[in-house]
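Subject: Structure for you to look over

Hello,

Here is the structure I promised. Please open it alongside this note, and go through the points below in turn.

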Amino acid sequence: KKISAEVLSRSLIRPMLAAGMLVAATQMFGAVGTIPTPGLRPEGLVVGPTGTQNLYVAALTGTNASHFIVVNTQFNTITANIALHNLNVAGHPADFGASTIAENPEGTLVFVVNSITDTVSVISTVTNTQIATFSAPVIGPIPAGCQVSPNGKQLWTACLATPPSFNNGTVNITSIELASLGTPVGLVNTG
């Protein structure tokens with residue numbers, strides 16, 4: 001049986017995170033390369049859509065400032081390194097606590113959860129630029145992870161409750177269609 005390119009790119013290639021380094025490995029061949037990320041600690045990653053040869057990485061600096069990195073997996077080079085900011089606040093202060101990352105099915109948008117600043121950064125993979133920030137009341141408190149809905153129209157963000165109890169978490173449901181980007185769609189109480 002033939003193995004599709006998508007299965008190869010998303011299932012057999014397993015990028016791994018290490019202190020200040022990405023290690024690309026395959027189930028069949030072991031380590032195939034390392035990509036140094038000086039000054040940055042990779043935290044989460046997604047493989048770009050088939051044919052793009054991109055790996056998208058959420059990373060932190062030594063002070064926990066959030067960054068978005070694009071790695072060209074053909075040449076094992078970093079092609080973009082973007083500091084993430086809260087675009088909803090005057091002066092666009094830095095976002096902190098990048099942890100998880102998700103991608104829409106088309107591969108045109110990537111979402112980075114910033115757990116310390118209670119935001120989600122929205123990045124266009126076409127231009128490798130941050131185009132929006134989801135923040136309270138759309139996101140939070142304390143976003144911990146995110147996933148794009150199977151139809152690609154919503155971002156589901158798991159959030160912890162406010163301290164001290166942390167026992168009443170929520171899932172924020174946000175539109176990621178361009179016409180209504182960032183519009184709250186629903187809230188699921190998980191506690």
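Strand 13 and strand 14 run antiparallel and are joined by six bridges. One of the pairs to look at is Thr157, whose bridge partner in strand 14 is Asn172. Please keep in mind throughout that this is a predicted model.

On the strand 12 side, strand 13 is again paired in the antiparallel sense, here over five bridges. Pro143 stands opposite Cys159 of strand 13. Strand 12 and strand 13 make a hairpin with five residues between the strands. Look at Gly152 in that hairpin: Gly152 takes a positive phi near 75°.

Which residues of strand 13 lie on its covered face, and which on its uncovered one? Leu155, Thr157 and Cys159 are on the covered face. Gln154, Trp156 and Ala158 are on the uncovered face. As a rule, side chains in a regular strand alternate between the two faces of the sheet.

**The chain as a whole**

Of its 191 residues, 45% count as buried. The accessible surface comes to about 9500 Å², and 60% of that belongs to carbon and sulfur atoms. Take the contacts in the chain with a separation of 6 or more: residues 24 or more positions apart account for 34% of them.

Another open sheet has four strands in the order 8-9-10-11, and the pairing is antiparallel. Its edges are strand 8 (98–103) and strand 11 (129–134). Each of these has a single partner strand, so one side of each is without a neighbour in the sheet. Neighbouring strands of this sheet are turned by 25° against each other on average, direction ignored. Strand 8 and strand 9 run antiparallel, joined by four bridges. Ile101 stands opposite Val112 in strand 9.

**Nonpolar cores**

Nonpolar side chains tend to be buried together in soluble globular proteins. The largest nonpolar core here has 15 residues. Which of them touch the most other members? Phe111, Val120, Phe134 and Leu155 do. The elements that give two or more residues to this core are strand 9, strand 10 (119–124), strand 11, strand 12 (143–148) and strand 13 (154–159). Strand 9 gives the most, with three residues. A second, separate core has 14 residues, including Tyr56, Phe68, Leu84 and Val110.

Leaving out residues up to four places away in sequence, Val120 touches Phe111, Val112, Val113, Asn114, Ala132, Thr133, Phe134, Ile139, Leu155 and Thr157.

**Asn114**

Asn114 lies in strand 9 (residues 109–114). Is Asn114 buried or exposed? Its relative accessibility is 0%, so Asn114 counts as buried. The side chains of Asn114 and Ser66 are joined by a polar contact of 2.7 Å. Neighbours within four places in sequence aside, Asn114 is in contact with several residues, among them Leu84, Asp95, Phe96, Thr119, Val120 and Pro143.

**Ser180**

Ser180 is in the loop between strand 14 (170–175) and strand 15 (184–189). At 25% relative accessibility, Ser180 counts as partly exposed. How many residues apart along the chain are Ser180 and Lys153? They are 27 residues apart, and their C-alpha atoms are separated by 9.7 Å.

Best wishes

How values were computed. Residues numbered from 1 in each chain as written. Predicted model: local features only at pLDDT ≥ 70, side-chain atom pairs only at ≥ 80, totals over all residues. Heavy atoms only, no water. Buried < 20%, exposed > 50% of the residue type's maximum accessible area, 1.4 Å probe, protein only. Polar contact = N/O pair within 3.5 Å; in protein donor to acceptor, adjacent residues only side chain to side chain. Contact = heavy atoms within 4.5 Å. Areas by Shrake-Rupley, 256 points an atom, 1.4 Å probe, with all protein chains shown as cover. Pairing = 2+ DSSP bridges. Axes fitted to C-alpha atoms, helices over the stretch in contact; angles between N-to-C directions. Core = buried A, V, L, I, M, F, W, Y, C linked by side-chain atoms within 4.5 Å.
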